[in-house]
2 protein chains.
Amino acid sequence: MPHYVVGHKIPDSDSICSAIALSYLKTTLGEETVPARLGELSPETLFILDKFGFEQPELKTSYAGESLYIVDHSERTQGPDDIDEATILGIIDHHKLGDITTSTPLECWIRPVGCTNTIIKMMYDFHNVEIPKNIAGAMMCAILSDTVIFKSPTCTTADIKCVEALAEIAGIDDAEALGMEMFKVKSAVEGTPVRDLVLRDFKDFDMNGNLVGIGQLEVIDLAIFDDIKADLAADIAKLKAEGNRHSVLLLLTDIMKEGSEMLVVSDNADLTEKAYGKATVDGKVWLDGVLSRKKQVVPPLQESFA
Amino acid sequence: MPHYVVGHKIPDSDSICSAIALSYLKTTLGEETVPARLGELSPETLFILDKFGFEQPELKTSYAGESLYIVDHSERTQGPDDIDEATILGIIDHHKLGDITTSTPLECWIRPVGCTNTIIKMMYDFHNVEIPKNIAGAMMCAILSDTVIFKSPTCTTADIKCVEALAEIAGIDDAEALGMEMFKVKSAVEGTPVRDLVLRDFKDFDMNGNLVGIGQLEVIDLAIFDDIKADLAADIAKLKAEGNRHSVLLLLTDIMKEGSEMLVVSDNADLTEKAYGKATVDGKVWLDGVLSRKKQVVPPLQESFA
Ligand SMILES: [Mn+2]
Ligand SMILES: [Mn+2]
């Protein structure tokens with residue numbers, strides 16, 4: 001029985017590309033391992049897979065009785081629902097340490113860098129395994145995505161150096177130009193149902209017993225949302241009413257202006273005031289300089305719930 | 001304000017030597033970091049510090065407002081009591097993943113090897129930092145202690161190679177002979193109060209909401225305990241009565257015969273029957289081949305509580 005590598009629910013490019021890259025590394029080291037995914041892929045990720053000639057990893061949501069590596073998260077709400085019945089062999093991640101626990105020793109490579117694929121590159125180097133050209137290309141795109149082409153405050157010099165090294169292996173001359181091409185694909189919202197946009201890059205967090213869902217859409221120009229912003233706001237209110245979340249937030253991130261408009265529905269009227277020092281007006285607030293959910297949005301919110 | 005490195009409560013040699021080794025590495029990399037400890041040191045650890053010329057790390061139990069690295073555990077019950085008010089910068093460990101969480105990204109080096117110091121050697125290699133002779137000696141002794149001179153089932157080829165490399169750096173010809181000398185120090189129980197022996201290497205675990213305390217004494221001959229075994233059994237019953245533990249277990253490990261006698265007081269009369277397939281007689285059971293609390297004692301027990 002092969003081992004699996006799986007990223008978080010509502011997979012982003014980092015979750016998918018790191019599953020592909022890690023399963024190749026493990027298999028090369030003699031441990032048969034296959035990449036998997038917990039949900040549908042975004043246009044950005046499909047663009048990357050198409051560009052470098054990969055099939056979509058297997059859609060697999062149940063892991064009872066299986067052995068698996070977890071990538072790009074360590075939170076129970078974001079992983080497979082039956083993870084308690086699986087054996088976790090390892091975790092490769094670059095987020096805060098979540099609430100996943102194990103009953104046996106394991107392998108964790110967790111670093112405060114911009115992307116899981118930057119850490120997987122360290123693993124290839126540690127094991128002295130050559131990265132195939134197409135895997136290097138996919139890893140590089142994931143790093144450009146997670147670091148918003150190096151603009152995110154989560155980006156480190158390790159990420160930048162890693163993109164340079166991977167571009168060389170993949171034979172790509174202008175990594176940043178490819179990054180912009182990718183973000184243009186990511187910015188396309190026309191014809192996409194509003195709920196699909198809300199959930200395109202959506203993560204749930206357990207904040208001191210309260211479930212908080214935070215979506216993010218990164219685009220090259222916020223004007224893209226002019227016609228649908230009211231619909232997005234209505235839909236996050238609907239999403240909150242359908243479930244048991246304390247709050248649902250949607251970040252509309254302008255990667256060129258380098259800031260985010262946050263749409264908010266919450267049981268706390270003063271949620272953003274408390275967490276970010278800025279109140280909402282009509283359920284919206286502009287947060288200047290905020291590009292990173294992980295580094296700029298989640299920690300202050302977590303603090304405000306403590 | 002310097003950063004700290006601290007191991008688990010009732011520190012063992014691995015916790016202390018890895019705190020010393022990691023703080024030197026971090027300081028060398030430009031981040032002022034000092035080793036600390038959560039409790040009194042065992043005769044074995046004092047032997048190592050004396051042998052290689054180290055002072056005892058600072059006794060420090062409160063970390064509110066501080067930044068620290070956690071070594072040799074990732075369990076809330078084993079760490080500082082006010083860890084929630086501290087910033088965890090990283091975790092270096094070789095046990096199952098515990099329930100410590102963070103609100104910010106961090107650095108975790110967790111590997112399924114025999115000793116935390118084996119992982120810290122990987123960190124020195126990654127950063128290309130030379131290990132000072134005396135630190136190499138202390139790291140080597142910690143690995144010999146945790147792996148019971150390579151006999152424990154937790155011992156991996158990485159641990160053995162690491163001891164070889166560290167012995168070379170430290171200028172030690174016969175690492176195993178030094179290991180035996182160390183275990184002779186560890187085996188000395190004469191004149192030590194019974195409660196001190198019970199708590200010498202004692203860890204609490206949260207097993208599905210039940211607090212289980214497990215102590216271990218490793219000696220070169222179980223006959224050492226002939227005169228005091230009844231007192232040890234009485235004392236773990238007393239320890240259980242004093243607190244809120246579901247069970248208190250004490251492993252008397254014979255490193256030459258390669259097995260452990262387990263002394264048991266528990267709210268479940270069939271605890272060892274369920275976990276290890278062998279019932280106690282008069283509160284005692286011999287577990288052949290069992291040397292490792294981490295690999296052979298905790299996981300089956302955890303399973304039996306699930
Ligand atoms: Mn990521
Ligand atoms: Mn240890």
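Residues are numbered from 1 along each chain as its sequence is written, while chains are lettered from A and ligands numbered from 1 in the order in which they are written. Because the model is predicted, local features need pLDDT of at least 70 and side-chain atom pairs count only at pLDDT 80 or more, whereas totals for chains, interfaces and linings use all residues, and side-chain values rest on heavy atoms, with hydrogens and water left out.

We begin with the metal. The manganese ion (ligand 1) is held by D14(A) (OD), D72(A) (OD), H94(A) (NE2) and D146(A) (OD), at 2.1 to 2.3 Å; donors here are N, O and S atoms within 2.8 Å of the metal (3.2 Å for Na, K and Ca), and since water is not among the atoms, sites may look incomplete. Along the chain these donors follow the spacing D-x57-D-x21-H-x51-D. Two of them link distant parts of the chain, for D72(A) sits in the loop between β4 (67-71) and β5 (87-93) of chain A, and D146(A) sits in helix α4 (residues 133-146) of chain A, 74 residues apart. Helices (H or I, at least four residues) and strands (E, at least two) are DSSP runs, numbered from the N terminus. Both D72(A) and D146(A) are buried, where buried means under 20% relative accessible area, exposed over 50%, and partly exposed in between (1.4 Å probe, protein chains only).

Chain A is assigned domain 1 (3-184) and domain 2 (194-304), with bounds that come from an automatic or database domain assignment. The centres of these two domains of chain A, taken over C-alpha atoms, are separated by 25 Å. In domain 1 of chain A, 20 residues are in contact with 20 residues of domain 2 of chain A, contact meaning heavy atoms within 4.5 Å. Between them the two domains of chain A bury about 1,900 Å², 63% of it on carbon and sulfur atoms; buried area is the accessible area (1.4 Å probe) that two parts lose on being put together, summed over both. I10(A), K151(A) and P153(A) supply 28% of the area that domain 1 of chain A buries against domain 2 of chain A, more than any other three residues.

The two chains also meet, with 26 residues of chain B in contact with 26 residues of chain A. The area buried between chain B and chain A is about 2,200 Å², and carbon and sulfur atoms give 67% of it. On the side of chain B, L97(B), S103(B) and P105(B) supply 28% of the area buried against chain A, more than any other three residues. The number of salt bridges between chain B and chain A is zero, a salt bridge being a side-chain nitrogen of Lys or Arg within 4 Å of a carboxyl oxygen of Asp or Glu.

Over all chains, however, a search of the whole structure finds 34 salt bridges. In one of them the side chains of D201(A) and R293(A) meet at 2.7 Å, N to O. D201(A) lies in the loop between α7 (194-198) and β7 (202-207) of chain A and R293(A) in helix α10 (residues 293-305) of chain A, so this pair ties together parts that are 92 residues apart in sequence. D201(A) is buried, with a relative accessible area of 14%, and R293(A) counts as buried at 6%. In chain B, R293(B) forms a salt bridge with D201(B), with the closest N and O atoms 2.7 Å apart.
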